[in-house]
Amino acid sequence: MIAATAIALGAVPATALAGEVEEMEGGARQKFSLEGYGELHFNIPKVPETGSPAPIQGGPATADFHRMALGFSYQYTDRISLHAELDFEHAAQDIELEFAYIDFMVNAWLTVRGGAVLLPIGSLNEYLEPLFFYSVERPYVQTLLIPTTWGGAAAGFSGECQGVRYRMYLTSGLDATGFTAAGGIQGGVRQLDQAASAGLAYAGRLEYVGVPGIVVGASAFIQPQANQRDSGTVLNANPGVRLFEGDIRIRKDGFDLQGTIVQTRIKDAATLSANLGENIGTIEFGWYVEGAYHLLNVLSPDSDQDLVIFVRYEQFDTQAQMPTGYPADPANNHDVITGGLSYMPISDIAIKLDYEDWTDGLSDHEHRTNLGLAYMF
């Protein structure tokens, strides 16, 4: 299996594969490592930046250097380290801080972590390098219902014991003034320069990795109060958010099978809808299954090249259940079939081609073709 697979499974930290520069300073060994990734997309038609990612009839084709991320780690001591990453999106038109946190390792099964972190919600949000998924675009369940990239100012714990990995954080929460009918909670994610929250949130994930090639995970995000009072919009509501997610991935003999299911409940959605003028769902729900096969990796196991063929089915609805008096829009109920190829001349570079077939609750039928170039180092 390619080297990126080990990272995606969490077996090896991304920084462990980066080149290291070591120097002696004050008698202590200092370690600095640099890593990064990038992806260029060509979409016919374009993918909307916010709200529903569905293809727009007659929309333009776009070429977009979607993101280039540069990250680094610094090992202060054997137990204290810094990890940070900057994301330059849309040909560096937007610059975001992906994460910047300090780890204090207590022992093999307990690390104390604090700073700006990627929340451990779903299998992709923490490991979002484009070599960790086969399609050009990330799975839509993991960009809309789980608003990847999703970060926060947080403090908490991580570790592994007896084949069980965990991350548990107290974190800044969502801003309910950004919730929409089509985009769900996606618009509630805020950058850390505007992430003050009326109520903190709890985010956590457990993974079982005791069987080689199999990862079973579960995530939760609970925010009792999402009324962010400094956002400029005063809500006469008491919205809360509870998100629960489960996933499984199995890799064996060239096959890669995975599935994810997620449900989000929004408290006081009726009052929130009245305040925002948006029909906010009480429940958002979605799931997907994907199957892939590594053709060249199986036919030529000693080769650095690989060709993956994959197909994925997704179903997701930001208005799966509505508060009384607020009707759902069937256009927000989506079924998406994505199929394509990912060719890797080496393990850290991929050329991707895929086709998306979309159907919504109105039986409207759309499609999108995507071509991508991705790399990581």
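Author: What follows covers the nonpolar core, the aromatic pairs and the salt bridges.

The model is predicted, so local features need pLDDT of at least 70 and side-chain atom pairs count only at pLDDT 80 or more, while totals for chains, interfaces and linings use all residues. Residues are numbered from 1 along each chain as its sequence is written, and side-chain values use heavy atoms, with hydrogens and water left out.

A nonpolar core here is a set of buried Ala, Val, Leu, Ile, Met, Phe, Trp, Tyr and Cys residues joined through side-chain atoms within 4.5 Å. Buried means under 20% relative accessible area, exposed means over 50%, and partly exposed lies in between (1.4 Å probe, protein chains only). The largest such core has 51 residues, and the members touching the most others are Ile121, Trp150, Leu174, Phe179, Phe221 and Phe316. Strand 14 (residues 306-321) contributes the most to this core, with three residues. Strands (E, at least two residues) and helices (H or I, at least four) are DSSP runs numbered from the N terminus.

Contact means heavy atoms within 4.5 Å. Leaving aside neighbours within four places in sequence, the contacts of Phe316 include Tyr140, Leu144, Phe285, His334 and Trp358.

Next come the aromatic pairs. Rings of Phe, Tyr and Trp (its six-membered ring) pair if their centres lie within 6.5 Å; planes under 30 degrees apart are stacked, over 60 edge-to-face, and the rest tilted. The whole structure holds nine aromatic pairs. In one of them, Phe255 and Tyr293 have ring centres 4.6 Å apart and planes at 55°, so this pair is tilted. Phe255 belongs to strand 12 (residues 255-267) and Tyr293 to strand 13 (residues 283-294), so the pair ties together parts 38 residues apart in sequence. Phe255 is partly exposed at 44% relative accessible area, and Tyr293 is partly exposed at 24%. Phe316 and Trp358 form an edge-to-face pair, at 6.1 Å centre to centre with 85° between the planes. This pair links strand 14, which holds Phe316, to strand 16 (residues 349-360), which holds Trp358, across 42 residues. Trp358 is buried, with a relative accessible area of 2%. Tyr140, Phe316 and Trp358 make up one aromatic cluster.

The charged side chains come last. A salt bridge is a side-chain nitrogen of Lys or Arg within 4 Å of a carboxyl oxygen of Asp or Glu, and the count comes to 16. Arg67 and Glu39 form one of them, at 2.6 Å from N to O. Arg67 sits in strand 3 (residues 62-75) and Glu39 in strand 2 (residues 28-44), 28 residues apart. Arg67 is buried at 7% relative accessibility, and Glu39 is buried at 2%. Arg67 also meets Asp87 in a salt bridge, at 4.0 Å from N to O. Asp87 lies in strand 4 (residues 80-89), 20 residues from Arg67 in strand 3. Asp87 is buried, as is Arg67.

Glu356 and Arg368 form another salt bridge, at 2.8 Å from N to O. Glu356 is in strand 16 and Arg368 in strand 17 (residues 365-376), twelve residues apart. Glu356 is buried at 2% relative accessible area, and Arg368 is buried at 0%. Elsewhere, salt bridges that share partners join Glu126, Glu160, Arg165, Arg167, Arg205, Glu207, Glu245 and Asp247 into one network.
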